[in-house]
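Visitor: I would like a short tour of this protein. Could you take my questions one at a time?

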Amino acid sequence: MKLEVVVIPVSDVDRAKEFYAKLGWRLDADFASGDDFRVMQFTPPGSGCSVIFGKNVTAAKPGSAHGLYLIVSDIGAARDELVSRGVEVSEVFHSDGEYAGTDDPYLFGRRRVSGPDPEHGTYRSYASFRDPDGNGWLFQEVTTRLAGRVDPRTTTFASANDLASALRRAEAAHGKHEARTGQRDENWPDWYAAYMVAEQTGSELPS
């Protein structure tokens, strides 16, 4: 089973269309049937899951969708991209684990702390933004997947930026590998490939 569509509730379809197009998301469909039904689908770059919104596609209150996660490999670059498109995005933040008593931070009620995670841990740095209705989106930086989270038979990269970031991490790790062995590794392409797949799938990294 493949999760392919998430419905978000909006009050003004054309205003929402303009906003999600400004994010750089791909418009897949804009279909209307008479005056009482309209559905629109957008897909974030590199995503296997799309969002739909429109007229009479959900009974949910506009703006009531929160904690919609967008996974990125470089949260600073992802945030800068949206800011350059004129989107208001929060500063990068992390959680100190303390309960704040509200779901507003989209961190299961945990308190926000300014800046990225001090140890730059995977899954731990965030930035948030809202659409015009108040539906809440959250960037989450993931550089290494937990074990079992990715099927090694279908390992893919969501974007050229994701692939470039993975190559840079593999290069740094490979440099340490060559320093340990004391010689140049002529088979570095295979080493890079093994490292990048292991990182994505949460398997043991080559050394």
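Visitor: Which pattern does the protein chain follow along the sequence?
Guide: This is a predicted model. The protein chain has four helices and nine strands. Read along the sequence, they give β-α-β-β-β-β-α-β-β-β-β-α-α.

Visitor: How much of the protein chain counts as buried?
Guide: A residue is buried when its relative accessible area is under 20%. The protein chain has 207 residues. The buried share is 37%.

Visitor: Which element supplies the largest share of the largest nonpolar core?
Guide: This core has 26 residues. Y20, F53, F129, W137 and F139 touch the most other members. Several elements supply at least two residues each, including β3 (37-43), β4 (50-55), α2 (75-84) and β9 (136-141). The largest share is four residues, and it comes from α1.

Visitor: What share of the contacts with a separation of 6 or more joins residues 24 or more positions apart?
Guide: A contact means heavy atoms within 4.5 Å. Take the contacts in the protein chain with a separation of 6 or more. Residues 24 or more positions apart account for 55%.

Visitor: How far apart are the centres of the positive and negative side chains?
Guide: The protein chain has 23 positive side chains and 31 negative ones.

Technical notes. Residues numbered from 1 in each chain as written. Predicted model: local features only at pLDDT ≥ 70, side-chain atom pairs only at ≥ 80, totals over all residues. Heavy atoms only, no water. Core = buried A, V, L, I, M, F, W, Y, C linked by side-chain atoms within 4.5 Å. Buried < 20%, exposed > 50% of the residue type's maximum accessible area, 1.4 Å probe, protein only. Lys, Arg positive; Asp, Glu negative; His and termini not counted. Charge placed at Lys NZ, Arg CZ, Asp CG, Glu CD.
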